[in-house]
Amino acid sequence: MKPFKTFLYFAIVVVILSCTSFFLKPDYFFGKNLNKITSKNNFKENPLPDTTAFENVHTEENQAIPDSLSGKVKGRNSTGSSSPIYNNNLIYDSSFTEELQHRLGQACYKPVHILYFGDSQIEGDHISGTLRSILQSKFGGKGVGFIRIENLFNVSEGYLTEVSSGWNKSYIYDHNTPGTFSPLGFYATPVHNGASFSINRLLGRKRINLSKIGIYYSTGDHSETITLSGHSFTKEIQLPLSKTPTIQYITLEGNSNSIKLHFSASRNLKIHGLLFQNEKGIYVDNISMRGQIVPQLQRVPSSDLSDFIRTQNVGLVILHYGVNLVPGMLKSYAFYTRMLKKQIQYIRETDPTLPILIVGVSDMAHRNGTGLTSYPNISAVRTAQRNAAKQKGIAFWNLEKDMGGKNSMIRWVRAIPTLATKDYVHFNRRGADSIGRMLSRTIFIPLKTKKQ
């Protein structure tokens, strides 16, 4: 064989082998493991969900810094809980670990609910939907939990809801609405005949089970009658008189892909929500309130809150707020610590051992004279949240640090594919899924630590 042909032959062989190696080992590049060389700087430029990047960014610079908590605290604090434990960007104590493990463990034989309170960051089942899916894969369960009478296209759970006209909707933060609320912070009243609410399962999706639903309601001085219809049936449902929020369960034959609830005008009937769950498992209830900084639970009668926590087997309460405080850039956030403590105390008075987790404010960016940068008061808002957690003896997760620290929201917006919206405040669906995965790992940290 001539020298030129020999060279050409070996060159072709080398190219073929190189291409084969590339396609057979996508995690390797020139013999190096891409997962191992993912550095903090690489993550900052392009934060990739579903890789080991989130684990690898916990460098010394990115570790949670106890700016308002001392890691040297000895003994028991004023709340009676044990000394705080620092694990990456999560702070908790042994009582949180033990109670969380006990309550979530009950999901093997009955439904256990996680109440996820938050602002617009969790609207549309953002974050909570991913957390629910992961926890259900580990603890069991099939269903979305509680939902409100609102229009929602939930791809991850596989359903679409449609609300007709003829409803008045009331929210817990609207102080022009008198009276009390359920823990879901919402109710809808049918004010015109023909008001309806439908739930449609998306084609090919089977996560939501429409064979059994719970109607979470309260009435005035008499019972109410509603009509439930499906593909091949129509039936009347009696809602017994109940001046406090209660749940009426309805079991349907088969498993319809679509159901519709029809209501007559009744200003005394309050529909607080609908419940979709099986006989056991974990259910994360999305309780989002746009523009809020606390859940305002003081408008829920303590007896109703206590009854809800007991009957729905609540295993964890998550408080995810903060972004609505940041743009104001106040000099002090001591008032916010007091507000959070008041909410926590109200919950603790109904169930003293219920695990509670504060999700710290996420990074946010704005334009200054030189371009985009993080708000300078992110750390101050986070400190107010951490102080409330410390003083009430509950868990705290430093989300901003786990995102990548200062200016991380800018990198999330510029990531390919993008992980946040161009308001530099909110995560998009992809970014919310990433945060949900990070939160699920955060919740499992104390459980894993306990097993060790």
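Biologist: Why is A415 called buried?
Modeller: A415 has a relative accessible area of 5%. The cut-off for buried is under 20%, so A415 counts as buried. Please keep in mind that this is a predicted model.

Biologist: Where is A415 found?
Modeller: A415 sits in the loop that runs between α10 (408-414) and α11 (429-451). Its C-alpha atom is 10.0 Å from that of G431, a residue 16 places away along the chain.

Biologist: Thanks! Why does N286 count as buried?
Modeller: The relative accessibility of N286 is 15%. Buried means under 20%, so N286 qualifies. N286 belongs to strand β18 (residues 281-288).

Biologist: What makes the link between the side chains of N286 and S128 a polar contact?
Modeller: The distance is 2.8 Å, and the cut-off is within 3.5 Å for a pair of N or O atoms, one able to donate a hydrogen and the other to accept it. The N286 side chain also has a polar atom 2.7 Å from the backbone oxygen of I122.

Biologist: Which residues does N286 touch, not counting those up to four places away in sequence?
Modeller: They are Y116, I122, D125, H126, S128 and R132.

Biologist: And R103, why does that residue count as buried?
Modeller: R103 has 10% relative accessibility. With the limit at under 20%, R103 is therefore counted as buried. You can find R103 in helix α4 (residues 94-105).

Biologist: What does the side chain of R103 reach?
Modeller: The side chain of R103 comes to 3.0 Å from the backbone oxygen of V314. A polar contact of 2.8 Å also connects the side chains of R103 and E99. Setting aside neighbours within four places in sequence, R103 has contacts that include V112, D351 and P355.

Biologist: Let us turn to the rings. How many aromatic pairs does a search of the whole structure find?
Modeller: The search gives 11 aromatic pairs. One of them is F146 with Y216, a tilted pair at 5.5 Å centre to centre with 55° between the planes. This pair links distant parts of the chain, with F146 in strand β6 (residues 145-147) and Y216 in strand β12 (residues 212-218), 70 residues apart. Both F146 and Y216 are buried.

Biologist: Why is the pair of F181 and Y187 tilted?
Modeller: The ring centres of F181 and Y187 are 5.1 Å apart, and their planes meet at 35°. Pairing needs centres within 6.5 Å, and planes under 30 degrees apart would be stacked while those over 60 would be edge-to-face. F181 and Y187 are both buried.

Biologist: Which residues form one aromatic cluster with F146?
Modeller: F146 is clustered with Y216 and F308.

Biologist: How do you know that K138 lies over the face of F444?
Modeller: K138 is at 5.3 Å from the ring centre of F444. The cut-off is within 6 Å, along with a position within 35 degrees of the ring normal. K212 likewise lies over the face of Y249, at 5.1 Å from the ring centre.

Biologist: Now the helices. How do you know that the span of α7 agrees with what its 17 residues should give?
Modeller: At 1.5 Å a residue, α7 should span 24 Å, and its end C-alpha atoms are 25 Å apart, which agrees. Buried residues of α7 include Y336, L340, I344 and I347. The buried residues of α7 pack against α6 (302-311), β19 (314-320), β20 and α8.

Biologist: How far does helix α8 reach?
Modeller: Helix α8 (residues 378-392) has 15 residues and extends 22 Å from first C-alpha to last, close to the expected 21 Å. Among the buried residues of α8 are I378, V381, R382 and A388. Elements packed against by the buried residues of α8 include α7 (334-350), β20 (356-359) and α9 (399-403). After α8 comes G393, with a positive phi near 70°.

Biologist: How many helices and strands are there in the protein?
Modeller: The protein has 11 helices and 23 strands. Of its 452 residues, 52% count as buried.

Notes: Residues numbered from 1 in each chain as written. Predicted model: local features only at pLDDT ≥ 70, side-chain atom pairs only at ≥ 80, totals over all residues. Heavy atoms only, no water. Helix = DSSP H or I, 4+ residues; strand = E, 2+ residues; numbered from the N terminus. Buried < 20%, exposed > 50% of the residue type's maximum accessible area, 1.4 Å probe, protein only. Phe/Tyr/Trp six-rings, centres within 6.5 Å; stacked < 30°, edge-to-face > 60°. Expected span 1.5 Å × (residues − 1). Contact = heavy atoms within 4.5 Å.
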